[in-house]
Amino acid sequence: MRIYGPNPAILEALRGSNIELILDVTNDKLQALSDAATANDWVRQNVLNYPDVTYRYIAVGNEIKPNDGRAQYVVPAMQNIHNAIVSANLQDQIKVSTSIDMSLLGNSYPPSAGSFSDSASSYMASVVTFLANNGAPLLANVYPYFSYIGNSQSISLDYALLRSPGVVVQDGEYGYQNLFDAILDALYSALEKSGGSNVKIVVSESGWPSEGHAAATIDNAATYYQNLINHVNSGTPKRPGQAIQTYLFAMFDENKKGPEETERHFGLFHPDKQPKY
């Protein structure tokens, strides 16, 4: 499970469950946590207070853009949170990272040409150095849906829904049957070019909306989620056989999100807890 900030009621409910958790540091706390004492307090209050919750990753910021004023605080906050976790001797269980979106890629096609954009490269270089030094993965929010609706004249729906019968994109020795793998391998290529060839990727969000756009239907969304679940154990062409840890977005439809109507329809469940699929 991933939660987007420390919610005491959720953390209480997770006690003793063995559900592995990504816990976010909210973007508004990044500046404060660039102070070591504040970071120690945050870890004590939200992690050490719950010894029977199975924390796996701390995501220090979600989808921070390099031109965001808070970007300068991401790596210092990551370092301080990491130091607090080391002090508690939990560094082998809990890894500290940050969650990015794919707008930080300047080039993603073909996947071997993947690289971070000029505006993101120095920001990501410091993030990648931290991750490589600490054996932590990069958390990435990966949405073939948005790539597809942004370029449906060049991208087939089958390729986006992981149901192409054969190779669609041949990139040197690697053949791509779906867009999810192509996006992930473009990000692996960008990591390699930034000194992170040993940094793994954890997909911290992926999903498909069920309403609000011509491509956002119950059938398409059900197909995407099921095919993704079936696929992730086999890895990508660049990393075959390495199962991809993947978090489905999201558990519930969120009726207050926006501005696009589709943002309200990413849930696996309706707000009344009835399964959508």
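Let's start at Glu63, which sits in the loop between strand 3 and helix 4 (74–87); helices (H or I, at least four residues) and strands (E, at least two) are DSSP runs, numbered from the N terminus. The phi of Glu63 is near 55°, a positive value in a residue other than glycine. This is a predicted model, where local features need pLDDT of at least 70 and side-chain atom pairs count only at pLDDT 80 or more, while totals for chains, interfaces and linings use all residues. Residues are numbered from 1 along each chain as its sequence is written, and side-chain values use heavy atoms, with hydrogens and water left out.

- Seven strands make an open sheet with parallel pairing, in the order 1-2-3-4-7-10-11; two strands pair if DSSP finds at least two bridges between them.
- Strand 1 (2–3) and strand 11 (246–248) are the edge strands, each pairing on one side only.
- Strand 1 pairs with strand 2 (residues 21–25) in the parallel sense, over two bridges.
- Arg2 has Ile22 of strand 2 as its bridge partner.

**Helices on the sheet**
- Helix 3 (residues 36–48) packs on the sheet and touches strand 2 and strand 3 (55–62), where contact means heavy atoms within 4.5 Å.
- The direction of helix 3 makes about 150° with that of strand 2; axes are lines fitted to C-alpha atoms, for helices over the stretch in contact, and angles run from 0 to 180 degrees between N-to-C directions.
- Helix 9 (residues 218–231) lies across strand 10 (201–206) and strand 11, and runs at about 160° to strand 11.

- Tyr109 and Pro110 are joined by a cis peptide bond with omega of about -10°, and Pro110 lies in the loop between strand 5 (105–107) and strand 6 (115–116).
- Another cis peptide bond runs from Phe249 to Ala250, with omega near 5°; Ala250 is found in the segment after strand 11.
- Lys273, also in the segment after strand 11, has a positive phi of about 75° although it is not a glycine.

**Exposure**
- Glu63 counts as partly exposed because its relative accessibility is 28%; buried means under 20% relative accessible area, exposed over 50%, and partly exposed in between (1.4 Å probe, protein chains only).
- Lys273 has 61% relative accessibility, so it counts as exposed.
- Met1 lies in the segment before strand 1 and, at 31% relative accessibility, counts as partly exposed.
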